[in-house]
Amino acid sequence: MDWSPILISMKTAGLSIVVTFFLGILAAWLVVSLKREALKMVLDGILTLPLVLPPTVAGFFLLYLFGVKRPLGQFFLEYFSVKIAFSWGATVIAAVTMSFPLMYRSARGAFEQVDENLVQAARTLGMGEWTIFWKILMANAVPGIVSGGVLAFARGLGEFGATAMIAGNIAGKTRTLPMAVYSEVAAGNMDSAYQYVAVIVVIAFLSVIAMNRAAAGNARRG
Amino acid sequence: MFLKRKYQSRESLSGTGSRDNLLGEGKLSLRVDIKKQLRQFLLQVQLEAGRGCLGILGPSGCGKSMTLKTIAGIQHPDSGQVVLGRRVLYDSARRIDVRPQKRRVGYLFQNYALFPNMTVEQNIRAGLQYGAKIRGDYGTRMAELVERFRLEGLEKQYPGRLSGGQQQRAALARIFACGPDVLLLDEPFSAMDSFLRERLRLELEQLLDGYDGVSVLVTHDRDEAYQLCDHLLLMDEGKVLAAGTTRDVFGDPGSVQAARLTGCKNISRIRRLGPCRVCALDWNGLELATGREVGQEITAVGIRAHDFVPLGEGEALERRAQGADNLIPVTSPSIAEMPFEWYVTLENGIWWKKEKDIHTHDSTGVVPSWLYVDPSAILLLR
């Protein structure tokens, strides 16, 4: 069996979850801290967009941003000698873009369900804002954030449409597991396809178990 | 946190030297004079509190919790001043707005706001560490607080496992760990059933007696306010209706709204008949003699349901012969049985309450022929 799709997917999903995790939490905290309702709604809409767009359309927009003929793409090419489109890095960009809304929404929900009185009480007790963020907000939002992280990881792993658009399906370079399944079936190699499918199913199953345990952690607090 | 601060957050002296407040308590006092536009009404409150407990009594949504929150600094008024002792906590004219962290205010939330991710011990330690700024060994102080608030054995428990009373004690322990200058209690018993309430009220009463600072208690429960607070403020729709010692406020509420808030059920509009005589328009034109002179601003009278004296036919005639006034004939009464009282409603709308015990069910003989009310018991209301 050709292991390269599995390795590529692991690298891609591994890096993208780290990026998505921090970006999602930061974005959620920013939006939750906003006072003006209108700004909140607009920002929320933009950040949630990749969730509702078809992946190929999202991928189209990514190509529009990072393609070699586009300003941003040219910028990276000239100053960093990096061609973004159809490189391995593009698989990470695609995975991050598509999994980000899930992380953001989960983190935002987790922050919002923390009782506001807790934050206010912490203030009257003399706790500084940073301390409050870590010890009150994050500490109580952890179960929601963890399950958001697992969801985002699974989404990043399974990303196909946007990856196809901006990273292409280059064997050994950008062919992730989902793309490999597609290619093998298209080529008629059902055996190889079954193997890749089995790997994906096992990972998906483990993700669901992890999510449920994170949710149970939330309930245990009583 | 990213938004620019409009006001400075440093503290400053009030600059007026050490003047005694109206209550004559000396240095430690709380002065509040704020305005804040809320959705339903304009909140406008002025209060002064010295040592002891000031109660704010009013219906839900009248702005009492908001007032407390502006004192604590977790909500911001539109304009005004909040001064604690010689420290100016908020002053819109001088653009001062001290952060809640620095105000040294203890706030007991309605749901206690214990941190669910920390044990009781850790919650209290947060108060010691961030409030009292104790570094190093918390041991002795922690033990003192645990003993004082009867939390032995509960230190390692999470708040979700505690009963309502235990949670309240833990929250109070956390507040006292900080050593605040003023204690703000936001409806401390509304999250409890009445059975528990009675007992915990006694405990709180003892706690407040032993507390050396200013305390402000907000409630919609009359009995609570009466029992726990030496001074009282009546509020409705964002405005202060009456202020003074609790006994004075209950004894002479001053206005119709205030009378209602203190539990007076019998209120009638009046027409003035003479310096001490009125005609109660809502009670079928009943004429009453009042104990004090009825000024021009008086538009109504109130009589508390318990203030009527039942009289038999004979007694009533005797009194009438002696020239007594305020004899009310009991016509077509309706009677309702309550666990510990009879509620008697007269035809003209007056309510009367007579005590009974739980075993009495027979209402014969309860309703008298006449009711008498002493002129001095009639409340004159604006």
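What pLDDT does chain B average, and what percentage of the residues score at least 70? The model is a predicted one, and chain B averages a pLDDT of 87, with 93% of the residues scoring at least 70. Over residues 1–6 of chain B the pLDDT is below 50, and this stretch has two contacts in the model beyond near neighbours in sequence. Residues 8–26 of chain B also stay under 50 in pLDDT. For residues 8–26 the model has 28 contacts beyond four places in sequence. For the complex, the predictor gives an ipTM of 0.80 and a pTM of 0.80.

Chain A comes next. It holds 10 helices and zero strands, and its pattern along the sequence is accordingly written α-α-α-α-α-α-α-α-α-α. Taken along the principal axes, the C-alpha atoms of chain A fill a box of roughly 65 × 40 × 25 Å. Chain A has 222 residues, of which 40% count as buried. Among the contacts in chain A with a separation of 6 or more, 75% are between residues 24 or more positions apart.

Ser81(A) has a phi near 50 degrees, a positive value in a residue other than glycine. Most residues other than glycine have a negative phi. Ser81(A) sits in the loop between helix H4 (71–80) and helix H5 (88–112) of chain A. Is Ser81(A) buried or exposed? Ser81(A) counts as exposed because it has 7 C-beta neighbours inside 10 Å, and a residue with 12 or fewer is placed in that class.

Chain B has a residue with a positive phi as well. The phi of Glu187(B), which is not a glycine, is near 45 degrees. Glu187(B) lies in the loop between strand E9 (182–186) and helix H6 (194–210) of chain B. Glu187(B) has 20 C-beta neighbours inside 10 Å, so it counts as buried; the cut-off for that class is 20 or more.

The two chains touch each other. On the side of chain B, 23 residues are in contact with 18 residues of chain A. Helix H2 (100–103), strand E8 (105–108), helix H3 (120–131) and helix H5 (164–178) of chain B each supply at least two residues of the side that touches chain A. H3(B) gives the largest share of that side, four residues. Sorted by class, the side of chain B that touches chain A has 14 nonpolar, seven polar and two charged residues.

Chain B is divided into domain 1 (12–252) and domain 2 (264–381). Their C-alpha centres lie 40 Å apart.

Strand E13 (residues 266–274) of chain B is joined by four bridges to strand E16 (residues 300–303) of chain B, and the two run antiparallel. In this pairing Ser268(B) stands opposite Val301(B) in E16(B). E13(B) is also joined to E14(B) by four bridges, again antiparallel. Here Gly274(B) stands opposite Arg277(B) in E14(B). E13(B) and E14(B) form a hairpin, with two residues between them.

The loop between strand E14 (277–280) and strand E15 (286–289) of chain B contains Asn284(B). Asn284(B) counts as partly exposed because it has 13 C-beta neighbours inside 10 Å.

In which order do the strands of the open sheet of three strands in chain B stand? The order is E17-E22-E18, with antiparallel pairing. Strand E17 (309–311) and strand E18 (327–329) of chain B stand at the edges and each has a single partner strand, so one side of each is left without a neighbour in the sheet. Neighbouring strands of this sheet are turned by 30 degrees against each other on average, direction ignored. Helix H10 (residues 313–321) of chain B packs on the sheet and touches E17, E18 and E22 of chain B. The direction of H10 makes about 140 degrees with that of E18(B). Three bridges join E17(B) to strand E22 (residues 370–372) of chain B, and Leu311(B) stands opposite Trp370(B) in E22(B).

How values were computed: Residues numbered from 1 in each chain as written. Chains lettered and ligands numbered in written order. Predicted model: local features only at pLDDT ≥ 70, side-chain atom pairs only at ≥ 80, totals over all residues. Pairing = 2+ DSSP bridges. Axes fitted to C-alpha atoms, helices over the stretch in contact; angles between N-to-C directions. Contact = placed C-beta atoms within 7 Å. Domains from an automatic or database assignment. pLDDT = per-residue confidence, 0-100. Nonpolar A, V, L, I, M, F, W, Y, C, P; charged D, E, K, R; others polar.
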